[in-house]
There are 2 protein chains.
Amino acid sequence: MGSIPGLSLLLLVVSVSSVHGGKILVFPVDGSHWVNMNLLIQSLHARGHEVTVVRTATSWYIKENTAHYHSITVTLPEAISIEDQDFFVTFLVKMLAIQKQGGSLISFANFYWEIFTVLSKIHQQASLLGVEIFENKTLMQRIRDTDFDMVLLDPGLPVGVLVAHELKLPTVFNVRWITSGEGHFVVAPSPTSYVPTSGFAAPDKMTFVQRVKNLLHYLLNTCIDRFVVCPHYDRLVARYFGPDVSFYHLLQGADIWLMRVDFVFEFPRPTMPNIVYIGGFQCKPSEPLSSELEEFVQSSGEHGFILMALGTLVKGLPVEITSEIAAAFAQIPQKVIWRHVGERPNNLGNNTLLVKWMPQNDLLGHPKARAFVAHGGTNGVYESIYHGVPIIGMPLMFDQFENVLRLEARGAAKVVEVTKLTQQNFLEAIQEVLHNPSYRRNMKRLSELHRDKPMHPLDTAVYWIEFVMRHKGASHLRTESFKMRWYAYYSVDVLCFLLAVLLLLAAAVVASVRFLCFRLCRRRKPKQE
Amino acid sequence: MGSIPGLSLLLLVVSVSSVHGGKILVFPVDGSHWVNMNLLIQSLHARGHEVTVVRTATSWYIKENTAHYHSITVTLPEAISIEDQDFFVTFLVKMLAIQKQGGSLISFANFYWEIFTVLSKIHQQASLLGVEIFENKTLMQRIRDTDFDMVLLDPGLPVGVLVAHELKLPTVFNVRWITSGEGHFVVAPSPTSYVPTSGFAAPDKMTFVQRVKNLLHYLLNTCIDRFVVCPHYDRLVARYFGPDVSFYHLLQGADIWLMRVDFVFEFPRPTMPNIVYIGGFQCKPSEPLSSELEEFVQSSGEHGFILMALGTLVKGLPVEITSEIAAAFAQIPQKVIWRHVGERPNNLGNNTLLVKWMPQNDLLGHPKARAFVAHGGTNGVYESIYHGVPIIGMPLMFDQFENVLRLEARGAAKVVEVTKLTQQNFLEAIQEVLHNPSYRRNMKRLSELHRDKPMHPLDTAVYWIEFVMRHKGASHLRTESFKMRWYAYYSVDVLCFLLAVLLLLAAAVVASVRFLCFRLCRRRKPKQE
C-alpha cells in the first residue's frame with residue numbers, strides 16, 4: 001500500500017446537464033456558524049459560482065458585499081438584543097449560576113426555562129426575517145429575477161427553507177445543530193438505546209439509568225422542537241403557503257445534508273443516503289506564526305505551550321473563575337497563550353500571554369503545542385483532532401458538554417466542570433493531559449483516522465452542492481417516509497391489525513372448541529339420562 | 001460548473017501506518033457473485049496486494065492459482081449437488097411450476113419450503129467448508145503463518161467470519177445479499193413501513209396491505225435467518241469458540257460493508273457509517289465488438305437491436321416458454337441477440353441470433369442497443385443503468401423480482417411474469433419499451449445520476465479495503481449496539497419502567513385524592529350528625 005493510494009479517481013461526472021457558474025442563495029447563521037459557511041462560500045466562489053448571502057442589518061460577523069459574495073441586507077423592524085454580543089455573555093452568566101445550584105429539579109427546570117426563552121427569542125427573530133422577505137415584494141422579485149439554482153442554508157435558523165419552497169429550488173443544508181437537536185435526529189432513525197440525544201452528555205454505551213434519561217431528553221427535545229421552535233415558522237408557513245404545507249416536512253425534505261460530523265468524534269449511528277459527512281472541512285495545515293508569537297512559543301523550550309480559547313460566542317468568564325485559571329497556569333513550566341477579553345486576572349503568571357485574538361489553527365499545528373484548553377465548540381474540536389492536540393475541555397453551553405464527553409470517551413480529552421473549577425482541580429487536569437501519554441497517543445490516532453479520507457471534506461461539500469445544481473436536486477437519495485402519518489411510519493396500524501387478526505383467530509378457535517364441547521356434552525347427557 | 005469538477009481531491013492519507021503490499025484472505029461465493037469478487041481481487045492485485053482465495057475442489061468458476069491470486073483448495077467430504085450447475089436449473093423449474101399455481105396459501109408454502117430446502121443445503125455445504133478448514137491443522141497453521149492483514153468475504157456464505165475471528169483479523173464484506181436478506185437489514189434499522197423487505201417485491205411507498213405483507217415478510221426472513229441459515233454456523237461457533245461467541249454478532253461486527261448498492265436503483269433507506277456503497281463497481285465503458293457480431297448488429301439499421309440474457313446461474317428456460325419468446329422476437333424489425341443454452345426453439349425468426357456467451361457490457365454500450373431482456377440480476381441491472389438501456393424484466397428467482405420492480409417504479413423497465421408469458425404479452429412489453437420514449441429517457445437519467453460520483457465505486461472499494469489494513473479495522477465507524485439485549489436495544493425495559501413510574505404516580509394521586517375525600521367526608525359527617 002502506498003502512502004498516497006494512486007487510485008485512478010475516475011471522475012465519472014456527466015457533462016450533459018452541467019451548469020457553468022451556478023447561482024446560489026445562502027441563508028447563514030451568525031457567529032461561529034458563519035465561520036464555517038463563509039469558508040464554503042469562498043470555495044464555491046473559487047469554483048466560479050455566484051453567491052448571494054442574506055444577512056440582517058445588525059449582523060456581527062456577516063459583512064456586506066465582499067470579494068466572494070453579494071449580499072441582501074434585511075433590516076428588521078425591532079432589533080432584538082440577540083444580535084448583540086452581550087446577549088450571550090448574559091445568557092452564559094445565568095447558565096453558570098444555574099449549573100452551580102447543582103442537579104436539583106428546580107435548577108433543571110430553570111436551566112431549560114432559560115434555554116426555551118433564548119431559543120424562542122432567536123427563532124422569533126429569524127422568523128421576522130422571513131416576514132420581511134416575503135412582505136417585501138421588490139426584494140422577492142429581485143430574488144426571483146436572479147434565477148437562483150439552489151438555496152444553501154444553515155438550518156439552525158431555517159427560514160431559508162421557506163424561501164426555497166416559494167422559489168421551488170433544491171436545498172442543501174450545512175448542518176450539525178438544527179432547531180433543538182442534532183440534524184440526524186430530524187432525518188434518520190435514532191434509537192435512544194444507543195444514540196445519545198443532543199443536550200444529554202452520555203456515551204453510546206449507556207447504563208439503564210442513562211438510557212432512561214436519554215429517552216426523556218429525546219422527548220424533551222421533541223417538545224422543544226414542536227412547541228418552542230417550530231411554531232414561529234408554522235405561522236409563516238400557514239400565512240404564505242396555506243394549511244397543506246408543513247414546516248417540518250420542508251425541513252426534512254432537504255436534498256442534501258452536509259453534516260459537520262466525522263465519526264472519529266461522533267459515535268457511530270444510523271444515517272441516511274442523502275447525508276454527506278463534512279466534519280473537519282475547515283481544517284487545513286498550519287501557517288507560520290508572526291515573529292512575536294513564534295518567539296514567545298519558542299521561549300517555552302522543551303516544555304512547549306498550552307493554548308486556551310473559548311470560542312467566538314463567549315468573550316470572557318467571570319473573574320472568580322479566571323483568577324483560578326490564571327493561578328493554575330502560573331504553576332506550570334509550559335508557556336500559555338490565552339484568548340481573553342474582559343477583566344485581566346491580577347494573578348497572571350509570567351508564562352501566560354493574554355491575547356484578544358489568536359491564530360488558533362496555526363498554534364494548534366505548531367510542533368510545540370502540547371494541549372488545548374477549549375470550551376468544546378465543534379470548530380475548535382475538529383482543529384484539535386486534525387492537528388492531534390489533546391484537549392482540556394471546559395464546556396459552557398449548548399452541545400459543548402456532549403462534544404468534550406465524546407473526546408473524553410475516546411481518551412483524548414479531560415473534562416473540567418467550569419462551575420466547580422478550582423485552581424487545584426484545573427491544575428490536576430492540565431498535568432494529567434500533559435504527562436499521561438495516552439491522551440496525546442489517542443488524539444494522534446483520531447487525527448490519523450480523520451485525515452484518511454478519499455477526498456477532503458471541503459471538496460466533498462462542494463461536489464455535492466454542484467451535484468444538486470447539475471441534477472436540480474437529489475431526490476433519489478432522499479426518503480419521503482416523513483410524509484407518512486406517525487402511526488403508519490411506526491407500523492402501529494399494521495401491528496394493531498395483526499393483533500386483531502390474531503385475537504379473532506384465537507377467539508374463533510376458543511368458540512369452536514366451546515361449541516364442540518357443548519355439542520359433545522349435549523350428546524352425552526341424553527345417553528346418561 | 002465545469003463538466004468535470006476540478007476539485008483538488010486532496011488525498012489526506014496518513015503515511016505513518018501504511019502497509020506496503022497487504023495480504024488479503026478472500027472467502028468468495030461462486031457463480032455471479034464471483035464475477036464481482038474477482039474484479040475486486042484484480043484491482044487489489046494491481047495495487048500490489050497479495051490475495052489468497054479459498055475455494056472448494058468442485059468450484060465452477062473459481063479457478064486455482066491465477067496470475068492475480070493464490071488459492072487454497074479445500075476438498076469437501078461429500079460433494080453435494082449444489083456445486084452442480086444443474087442444481088439451479090432443477091430449482092428454477094420447480095419454482096416456475098409453483099409460481100404457475102398462483103397465489104394460494106399452499107403454493108406460497110411450497111415456494112418457501114423450496115427456498116428453505118435450497119438455503120439449508122447451500123449453507124450446510126458452506127459450513128462443511130468451515131469444518132474442513134478448522135479441522136485441518138496443517139492448513140490452519142499455513143494460514144496463520146501467512147500473517148494476513150484482513151479477511152475479505154462475500155457473507156452470502158459467511159464461513160469466512162469464523163476464520164477471521166479465529167485469526168483476530170479485521171473483516172470487509174463485499175455484500176448485497178446476505179444469508180436470507182439484503183445486507184442492510186442485518187446492520188441498520190429497517191422500518192418496515194417504508195423499507196421493502198428482501199423477498200417482497202414492493203415499492204417504498206406502500207399501501208396498508210403492502211405494509212402488512214412487508215412486516216410478515218420481515219418476520220419470515222428473520223425466521224429463515226435464525227432457524228434455517230444460522231444454525232449451521234451456530235454449531236461451528238459453539239464447537240470452535242464456545243458459548244460466549246455469537247455467530248450473528250460476528251456477522252454484524254464486520255468493519256466495512258462494501259454494499260453493491262446505488263440509490264438510482266435501490267430505494268433510499270437508513271444506513272450505517274461503516275457501509276460504503278459500491279453499486280455498479282463492475283461497470284466500465286464498452287469495447288468494440290468482434291467483427292461478426294458488429295456486422296450482425298449493424299445489419300439492424302435504424303431499428304437497432306435487443307439483447308436477452310438470464311444471467312450466469314440459469315442457462316435455459318423450459319421450451320414452452322422459449323418458443324413463445326422466439327415467436328415474439330420474430331415479429332419485430334429489431335435484430336435480437338439471445339444468450340441461450342439448451343433446446344433451440346424451432347420457431348426462431350431470421351432476426352434472432354442464439355449465442356452461448358455474449359459480451360454483455362460491450363453490447364449494452366453499443367449505440368444501436370435499444371433494450372435488454374434480462375432476469376434482473378444486479379450485475380446486468382447495473383450494466384444496463386450504466387449504459388442507459390431500458391429493461392424488459394423477466395425475474396426468475398431470489399432478489400430478481402425486487403430488482404426489476406425497483407426499475408419499473410422509476411419508469412425504466414417493464415416487467416413480464418415468466419409464468420404467464422405469452423407471445424402476445426411479451427411482444428407488447430417489447431413494443432412498449434421500444435416505442436414509449438419515457439423508458440429510455442428515465443434510464444438515461446438514472447445513468448447520469450449513477451455516473452456522477454466523486455470516485456469510481458471500484459476505487460472506493462479498494463480505498464476502504466486499504467483503510468482497514470492501514471488502521472487494522474474501522475471500529476470507529478461501527479456501532480456495537482448489536483451486542484445489546486433485544487429489550488434494551490428496543491428500549492422495551494425503559495418504556496416499561498417509565499410506564500410503571502407513571503402508573504405509580506397516577507395511583508399515588510388517586511390514593512391521595514381518595515384519602516382526602518374520605519377525611520373530608522368523615523369531618524363533615526359528625527357536623528351533620
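1. Which backbone nitrogen does the side chain of A:Asp154 reach? The backbone nitrogen of A:Gly156, at 2.9 Å. This is a predicted model. A:Asp154 sits in the loop between β4 (150-153) and α5 (159-167) of chain A.

2. The charge of A:Asp154 deserves a look. A:Asp154 is buried yet has no salt bridge. The nearest side chain of opposite charge is A:Arg260, 4.2 Å away. A salt bridge needs nitrogen and carboxyl oxygen within 4 Å. Beyond four places in sequence, A:Asp154 is in contact with A:Phe27, A:Pro28, A:Val29, A:His33, A:Met37, A:Asn174 and A:Arg260.

3. Next, chain A overall. Chain A has 18 helices and 15 strands. Its C-alpha trace spans about 115 × 60 × 60 Å along the principal axes. Of its 529 residues, 59% are buried. Among chain A contacts with a separation of 6 or more, 66% join residues 24 or more positions apart.

4. One annotated segment comes from a record. In an unreviewed entry, UniProt places the feature "transmembrane region" at residues 487-517 of chain A. In the model this span is 94% helix and 0% strand. The C-alpha atoms at its ends lie 41 Å apart.

5. Helix α9 (residues 291-298) of chain A has two sides. A:Leu293, A:Phe296 and A:Val297 are buried. These three lie on the same side of α9(A), because they cover an arc of only 95° around the axis. A:Ser291 and A:Glu295, on the other side, are exposed. The cover over the buried residues includes β10 (305-309), β11 (335-339), β12 (352-355) and α11 (360-364) of chain A.

6. Now the salt bridges. Over all chains, the structure holds 29 of them. One of these pairs A:Asp255 with A:Arg478, with the closest N and O atoms 3.8 Å apart. A:Asp255 lies in the loop between α8 (247-252) and β8 (256-259), and A:Arg478 in the loop between α16 (457-471) and α17 (486-489), so the pair ties together parts of chain A that are 223 residues apart in sequence. Both A:Asp255 and A:Arg478 are buried.

7. Chain B has its own Asp255 to check. B:Asp255 is in the loop between α8 (247-252) and β8 (256-259) of chain B. B:Asp255 counts as buried because its relative accessible area is 7%. A polar atom of the B:Asp255 side chain lies 2.9 Å from the backbone nitrogen of B:Ala474. Leaving aside neighbours within four places in sequence, the contacts of B:Asp255 are B:Pro170, B:Thr171, B:Asn274, B:Val468, B:Gly473, B:Ala474, B:Ser475 and B:Arg478.

8. A:Glu417 is partly exposed, with a relative accessible area of 46%. Their salt bridge has its closest N and O atoms 3.5 Å apart.

9. B:Arg406 and B:Glu266 meet in a salt bridge at 2.9 Å, N to O. The pair links distant parts of the chain, 140 residues apart. B:Arg406 is in helix α13 (residues 400-409) of chain B, and B:Glu266 in the loop between β8 and β9 (275-277). B:Arg406 is buried, with a relative accessible area of 6%. B:Glu266 also counts as buried, at 5%.

10. A salt-bridge network is also present: A:Lys205, B:Asp255, B:Arg478, B:Glu480 and B:Lys483 are joined by bridges that share partners.

Technical notes
Residues are numbered from 1 along each chain as its sequence is written. Chains are lettered from A and ligands numbered from 1 in the order in which they are written. This is a predicted model: local features need pLDDT of at least 70, side-chain atom pairs count only at pLDDT 80 or more; totals for chains, interfaces and linings use all residues. Side-chain values use heavy atoms; hydrogens and water are left out. Helices (H or I, at least four residues) and strands (E, at least two) are DSSP runs, numbered from the N terminus. Buried means under 20% relative accessible area, exposed over 50%, partly exposed in between (1.4 Å probe, protein chains only). Lys and Arg count as positive and Asp and Glu as negative; His and the chain ends are not counted. A polar contact is a pair of N or O atoms within 3.5 Å; within protein, one must be able to donate a hydrogen and the other to accept it, and residues adjacent in sequence count only if both atoms are side-chain atoms. Contact means heavy atoms within 4.5 Å. UniProt positions are given in the numbering used here, feature names are shortened, and annotations may be inferred rather than shown by experiment. The arc is that of the directions from the helix axis to the C-beta atoms.
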